[in-house]
Amino acid sequence: MFQQMRRRLALWYVGVTAVLLLVFALAGYGYVQTTLSERIDDTLDHVAEVVVATLPSEPPQGPTDVAEDRVALEWFAPTGERLWSTLDMTVVPRLHPGVWRETVTLSGDEAIRQVTQPVYRQGQLLGYLRVSHPWFEVTKPVRQLLVDLTVAGLVALALVAGAGWFLSGLAMAPVRQSYQRLEQFTADASHELRSPLASLQMNWELLHSQYPQHPQVQAMGGLLQRLSRLVDDLLFLARQDTQGVAAVEPCPLDALVMEVTQEQAGLAQAQGVKLHLELPTLENPDTLTVWGNYSQLGRLLTNVIRNAWQYTPSGGQVWVRLQPQGDSLTVTVQDTGVGIDPAELPRVFDRFYRVDRARGASGGSGLGLAIAQSIVQAHQGTLHLTSQPGQGTLVTLTLPRFKGLTHQGSADRR
């Protein structure tokens, strides 16, 4: 759990840094490209102004000297016909009257920047002067800048990833210590409570043997059972958080579902609720096997099925179904109970959270579904609830299927 939180925190560091680097890189790239483009345009505008200012009242018959390096001049007649040019190219771009500033791609990566200016004398169009400059003075440094920014960004992200992992470890250290202290306290407290609870249970049994019908003695027995179950649940959660799944083995889920359902059927019948079990008929029972801890999976199914009949009024029914779905096995537990308000569903797996008042029941510690969720997650499965008040509840449990058995091995184990 802490490793996952640490990874998420480190990813947040890297993600935020990546976004900031991208913003600054795009801003720097745009600024450099705009600056270089404006410098080329300013040069072309300046040359055009100087040449136009020195032209006579008649069209020039030949090239004019230009002081700027790599700047070429072209003269076009009012009809658009090119009269002369200093542009050293076999293919010269056509004149586009009305487009006074453009970038023209000649072939491949070769491009030029052009500024066209109409020349008037005494109100008459004398012709068009077009000033050109190679565009590689912009594209070449911009491309190199893009490469440099990419390399620098990747290096920076790698450094930030290392720093983020280190800092997330430092940030999680006190949280981990506090959580471990809390887990240790819960485990120690639950363990220490076992001895006085056992002593109380013995005293209650002695008292119950003398006064079996006394209401206070019966109430005391119920409280002792609830307290013992609470201590067991707390100790289980503390061990589950620290140790995870222990002693895993191939588990026949159909046999486990049948066993738990039969155990709960008598208790449910005493409350007036009938349990129905539906198992698939398959030629190869090995397809109904999962990889996990048999005891924990039994506890998981017990909590889910017990919750179903406990919150179902007398005369209601509960259906337990096992179905294979692809690479997974799905157990659904559907009841005709009082249901749960949809607003309560996101919190039903929280520890000690109870919706008993809304469901019209009492008792319980609010740990049953929290334990079930913990076991499911440790077995790489999912647990999902859907419910509506007055329409019952549907619990869907999905576990990955184990495929490493033979039919004979499964039959021997059963």
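Axes here are lines fitted to C-alpha atoms, for helices over the stretch in contact, and angles run from 0 to 180 degrees between N-to-C directions. Helices (H or I, at least four residues) and strands (E, at least two) are DSSP runs, numbered from the N terminus. The model is a predicted one, in which local features need pLDDT of at least 70 and side-chain atom pairs count only at pLDDT 80 or more, while totals for chains, interfaces and linings use all residues. Residues are numbered from 1 along each chain as its sequence is written, and side-chain values use heavy atoms, with hydrogens and water left out.

**Figure 1. The whole chain, before we zoom in.** Welcome to the overview: the chain holds eight helices and 12 strands. Of its 414 residues, 35% count as buried; buried means under 20% relative accessible area, exposed over 50%, and partly exposed in between (1.4 Å probe, protein chains only). Contact means heavy atoms within 4.5 Å. Among contacts between residues at least 6 apart in sequence, 67% join residues at least 24 apart.

**Figure 2. Helix 4 against helix 5.** Helix 4 (residues 253-270) and helix 5 (residues 294-310) have axes that come within 9 Å and cross at roughly 40°. The two helices are therefore oblique to each other: angles under 35 degrees count as roughly parallel, over 145 as roughly antiparallel, 65 to 115 as roughly perpendicular and the rest as oblique. The crossing of helix 4 over helix 5 is right-handed; a crossing is left-handed if the near helix is turned anticlockwise from the far one by less than a right angle, and right-handed if clockwise. On the helix 4 side, look for Leu253, Ala255, Leu256, Val257, Glu259, Val260, Thr261, Gln264, Leu267 and Ala268. Helix 5 answers with Tyr294, Leu297, Gly298, Leu301, Thr302, Ile305, Arg306 and Trp309. These contact residues of helix 4 and helix 5 divide into 12 nonpolar, four polar and two charged. Ala, Val, Leu, Ile, Met, Phe, Trp, Tyr, Cys and Pro count as nonpolar, Asp, Glu, Lys and Arg as charged, and the others, Gly among them, as polar.

**Figure 3. Helix 5 meets helix 7.** Helix 5 and helix 7 pack at an angle of about 140°, with their axes 9 Å apart. Helix 5 passes helix 7 in a left-handed crossing. Sorted by type, the contact of helix 5 with helix 7 has eight nonpolar residues, four polar and one charged. Helix 7 (residues 368-378) has eight of its 11 residues buried, so it is largely enclosed by the rest of the structure. Those buried residues are Leu369, Ala370, Ile371, Ala372, Gln373, Ser374, Ile375 and Val376.

**Figure 4. The largest nonpolar core.** A nonpolar core is a set of buried Ala, Val, Leu, Ile, Met, Phe, Trp, Tyr and Cys residues joined through side-chain atoms within 4.5 Å. The largest has 40 residues, of which Leu253, Val331 and Val333 touch the most other members. Elements giving two or more residues to this core include helix 3 (215-243), strand 9 (317-325) and strand 10 (328-335). Helix 5 gives the most, with seven residues. Leaving aside neighbours within four places in sequence, Leu253 is in contact with Leu288, Thr289, Val290, Leu301, Leu322, Leu329, Val331 and Leu399. Apart from this core lies another, of 21 residues, among them Ile40, Leu73, Trp75 and Val142.

**Figure 5. Two loop glutamines with positive phi.** Most residues other than glycine have a negative phi. Gln122, however, has a positive phi of about 55°. Gln122 sits in the loop between strand 4 (110-121) and strand 5 (124-134) and is exposed, with a relative accessible area of 82%. Gln380 has a phi near 60°, lies in the loop between helix 7 and strand 11, and is exposed at 65% relative accessible area.

**Figure 6. Around Leu87.** Leu87 lies in the loop between strand 2 (82-85) and strand 3 (101-107), and counts as buried at 12% relative accessibility. Leu87 and Ala72 are 15 residues apart along the chain, with their C-alpha atoms separated by 5.2 Å. Beyond neighbours within four places in sequence, Leu87 is in contact with Ala72, Leu73, Glu74, Val92, Pro93, Ile112 and Ser132.
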